[in-house]
Amino acid sequence: MSEETKEVVVVIGSGSIGLAIARHVGAGRTVLLADYSEKAAEAAADRLRGEGHDVTTRVTDVSDHDAVEALADAAAALGPVAQVIHTAGVSPTQASIERILHVDLVGTAMVLDAFARVIAPGGAGIVIASMAGHRESPYAPEIEHALATTETSKLLELPFLQADQVGTTVHAYALSKRANSLRVQTAAVAWGRRGGRINAVSPGVIITPLALDELSGPRKEWFEQVRKVSAAGRFGTPDEVADAAAFLLGRQAGFITGADLLMDGGVTAALRTGELTIP
């Protein structure tokens, strides 16, 4: 296969999980690495290039509709878009309610919409959601339906997504991640029309810089309790998420689409049994 016709892997977010997945699936392909920060994107790209990967970068704010659409067009111009890995997001400690909803909820919805029109036949995508989306769910049926089906441009008009109704950044994050899972399910229809698949992975605490912000934040004691009571008795690693993502992106998962894989070491199980409570 010539360089001009190499398949394209789009990785949105240059953090530890995005890079781990890129290492698993990027060999022999063009990796298009998108990030809000040009500095972060170039630093991550240099690491991948140093390991033998063909990488190009693009600055992209996933909360900007035009930027997301332009990213999809740029990916398609490079070659067949074989895989899309969406990992970009902000955490409850890092951002306001409004920023979380714009980036984690609407940004993900826009990525799903944009790449539904350019994914190559046989291609697949992954959205990195979170165990937080399982923590408070299911919500009332009308909320679940609205999160799943409301036109992307009108999502932030939903009454229950107004800041005074959401209440805290923790709830904003949980709502956003539940929306990720629901919209992956409904997006599977549009992706399927092009012969593509889309799934979500909902990790628990994975040791990344973002997670370390949370672990040293105001909920530090709760996270330590999470580690103690979970079935695994530990936190996860980016490589473990990458292993799961590589399976869902690969041919072995050809009959899986619209699904959400919860991989949290048993934290949600502990919540369901009452061994762990939400702070």
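User: What makes α4 largely enclosed by the rest of the structure?

Analyst: The count of buried residues does. Buried means under 20% relative accessible area, exposed over 50% and partly exposed in between, with a 1.4 Å probe and protein chains only. In α4, 16 of the 20 residues are buried, so the helix is largely enclosed. A word on the source: this is a predicted model, where local features need pLDDT of at least 70, side-chain atom pairs count only at pLDDT 80 or more, and totals for chains, interfaces and linings use all residues. Residues are numbered from 1 along each chain as its sequence is written, and side-chain values use heavy atoms, with hydrogens and water left out.

User: How do you know that the span of α4 agrees with its number of residues?

Analyst: Helices are DSSP runs of H or I with at least four residues, strands are runs of E with at least two, and both are numbered from the N terminus. The expected span is 1.5 Å times one less than the number of residues. For the 20 residues of α4 (97-116) that gives 28 Å, and the end C-alpha atoms are 28 Å apart, so the two agree.

User: Where is the kink in α4 centred?

Analyst: On Gly 107, with a kink of about 35°. The bend at a residue is the angle between axes fitted to the seven residues ending there and the seven starting there.

User: Why is Val 31 called buried?

Analyst: Its relative accessibility is 0%, so Val 31 counts as buried. Val 31 is found in strand β2. Contact means heavy atoms within 4.5 Å. Leaving aside neighbours within four places in sequence, Val 31 is in contact with residues including Val 9, Val 11 and Val 55.

User: Which residues of α2 are buried?

Analyst: Ala 41, Ala 44, Ala 45 and Leu 48. They cover an arc of only 105° around the axis, which puts them on the same side of α2. The arc is that of the directions from the helix axis to the C-beta atoms. The face turned away from that buried side carries the exposed residues Lys 39 and Gly 50. What covers the buried residues includes α1, β2 and β3.

User: What is the order of the strands in the open sheet?

Analyst: The 7 strands run β3-β2-β1-β4-β5-β6-β7, with parallel pairing. β3 and β7 stand at the edges with a single partner strand each, so one side of each is left without a neighbour in the sheet. Two strands pair if DSSP finds at least two bridges between them. Strands β4 and β5 are joined by 5 bridges.
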